[in-house]
Amino acid sequence: MKTESSTLAFSAFMALLIGCAGIVATLASNSQAILLDGLFNLIYFSVALVTIKVSKLASRPDSESYPFGYSYFESLVNLCKGLLILGVSIFALVDAIAALLTGGREIVAGLAVLYALFATGACSLTAWVMHRSQRHVSSPLVAADKLNWLVNSVISAAVLAAFCLVMLFERLGWLAVLPYVDSVLVIAVVVLCLGVPVRMASQALKELLNKTPEEAIAVPVRQAVASALADTDTQEVRVRMVRPGRLLYVIVHVVLPDASDVSVSTQDLLRARVDDEVRRYYSPVVCDVVFTANTRWAAPSCGLLVEKQP
C-alpha cells in the first residue's frame with residue numbers, strides 16, 4: 001500500500017471482515033471473548049469510514065470556513081477511536097465480571113479455536129501491511145491504525161491460546177473450570193490492553209487543546225530556530241508550537257534591539273532560513289516568524305525562550 005487512502009481502505013475492509021466473522025462465531029460458540037473482538041472490529045470499521053474521509057480533508061489547503069486547515073479532524077478521529085475502544089472494553093469487563101458471579105458460560109471450544117486462529121492471522125497480516133505502508137505514507141491516522149492492529153493481534157493470539165487450554169482442560173476432565181475460562185480471558189485482555197485506548201484518546205485530546213507537542217518534536221524545532229537566527233542580533237526569541245494531527249504549526253516571535261538595523265528584505269531572508277531549518281526536522285509544517293522592535297514588545301505570558309546557538 002503506497003497511498004494513505006488505500007491503506008486506510010484495506011484496514012476498514014479487514015475490520016469489517018473480522019467483525020462479521022466474530023459475530024457469526026459468537027452465535028455458534030457462545031463466547032463473549034469472541035463477541036468482544038467482533039464488536040471491537042465492527043465499531044472500528046464504522047470509525048474507519050470517517051477516517052478515510054478525514055484523510056482526504058487533511059490534504060486540502062485551508063479555506064474560509066476552516067482557516068487553519070483540516071488537521072484538527074485527525075486528532076478528533078483518533079479521540080473518537082480511543083473513546084469507542086475504551087467504551088467497548090469497559091462494557092465487556094462489566095459483562096465478564098457479571099458472568100463470573102453467576103457461574104460462568106459454557107462455550108464450544110472447537111469453533112472458538114477456529115475463529116481465534118483466523119482472527120490472529122488476519123490481524124497480524126493487517127498490522128504488517130500498516131507497518132509496510134509507513135515507508136511510503138507519513139500519517140498519524142495510519143500510525144493509529146497500526147497500533148490498533150498490533151493490539152488486536154495480541155488479543156486474538158491470547159484468545160487462541162486460552163481456547164486451546166479449554167480443549168486441553170476438556171481432555172483432562174477439568175470440567176468445573178471450563179465455564180469460567182471465557183470470562184477470565186475477557187477480563188485479562190481488557191485489563192492488559194486498557195492503556196492503549198486511554199493513551200490514544202489522551203494524546204488526541206492534548207492536540208485538540210493545543211498542548212505543546214512532546215519533547216522529541218519540540219526540542220529539535222527550537223534548536224533549528226536558534227540555529228537559523230544564530231548570526232542575528234536579537235534581544236529575545238520565543239517559540240510556540242502546536243501539532244493537530246500531522247501538521248505542525250510553529251510561531252516564532254523575534255524581539256530586535258532598539259538599535260537594530262535589520263531591514264525588511266533581511267527579515268524575509270531570515271524567515272526563509274528559519275522555515276528551511278525547521279523543515280529539516282519536521283514536515284509538514286507551517287512556520288510563521290514575526291519580528292518586533294523592543295519598544296513595541298510586551299513579554300508574553302507563554303511561549304518558550306530560545307537560546308541562540310554559540
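The lining of the largest cavity is made up of 11 nonpolar, 2 polar and 1 charged residues. In this classification Ala, Val, Leu, Ile, Met, Phe, Trp, Tyr, Cys and Pro are nonpolar, Asp, Glu, Lys and Arg are charged, and the others, Gly among them, are polar. The model is predicted: local features need pLDDT of at least 70, side-chain atom pairs count only at pLDDT 80 or more, and totals for chains, interfaces and linings use all residues. Residues are numbered from 1 along each chain as its sequence is written, and side-chain values use heavy atoms, with hydrogens and water left out.

The search behind these spaces runs on a 1 Å grid over the protein atoms alone; a cavity is a set of points where a 1.4 Å probe fits but cannot get out, a pocket is an open set with protein on both sides within 12 Å along at least five of seven lines, and lining residues have an atom within 4 Å of a point. Grid points are joined across faces, edges and corners, and a volume is the space filled by probe spheres set on the points.

Over the whole structure, 4 cavities of 30 Å³ or more are found. The largest cavity has a volume of about 160 Å³. It is lined by 14 residues, and those closest to its centre are Phe40, Ile85, Ser89, Ile155 and Cys193. Two or more lining residues each come from α2 (32-58), α3 (71-101), α5 (140-172), α6 (178-193) and α7 (195-208). Helices here are DSSP runs (H or I, at least four residues), as strands are (E, at least two), numbered from the N terminus.

The second largest cavity has a volume of about 70 Å³. Among the residues that line this cavity are Gln32, Leu36, Val88, Ala92 and Asp95. Both α2 and α3 supply at least two residues of its lining, and the largest share, 5 residues, comes from α3. By class, this lining has 8 nonpolar, 1 polar and 1 charged residues.

How do α2 and α3 lie relative to each other? Their axes come within 10 Å and cross at roughly 170°, where axes are lines fitted to C-alpha atoms, for helices over the stretch in contact, and angles run from 0 to 180 degrees between N-to-C directions. The two helices, α2 and α3, are therefore roughly antiparallel to each other (an angle over 145 degrees). Their contact (heavy atoms within 4.5 Å) includes Gln32, Leu36 and Phe40 of α2, and Ile85, Val88, Ala92 and Asp95 of α3. By class, the contact of α2 with α3 has 15 nonpolar, 2 polar and 3 charged residues.

The largest pocket has a volume of about 350 Å³. Of the 19 residues that line it, Asn78, Pro140, Ala143, Glu207 and Arg243 lie nearest its centre. The elements giving two or more residues to this lining are α5 and α7, and α7 gives the most, with 5 residues. The lining divides into 8 nonpolar, 6 polar and 5 charged residues.

The second largest pocket holds about 170 Å³ of space. Its lining has 14 residues, of which Asp62, Phe68, Gly69, Leu247 and Tyr249 lie nearest the centre. By class, they are 9 nonpolar, 2 polar and 3 charged.

Finally, an unreviewed UniProt entry carries the annotation "domain: Cation efflux protein transmembrane" for residues 10-209. UniProt positions are given in the numbering used here, feature names are shortened, and annotations may be inferred rather than shown by experiment. The span 10-209 is 83% helix and 0% strand, and its end C-alpha atoms lie 31 Å apart.

How values were computed. Angles under 35 degrees count as roughly parallel, over 145 as roughly antiparallel, 65 to 115 as roughly perpendicular and the rest as oblique.
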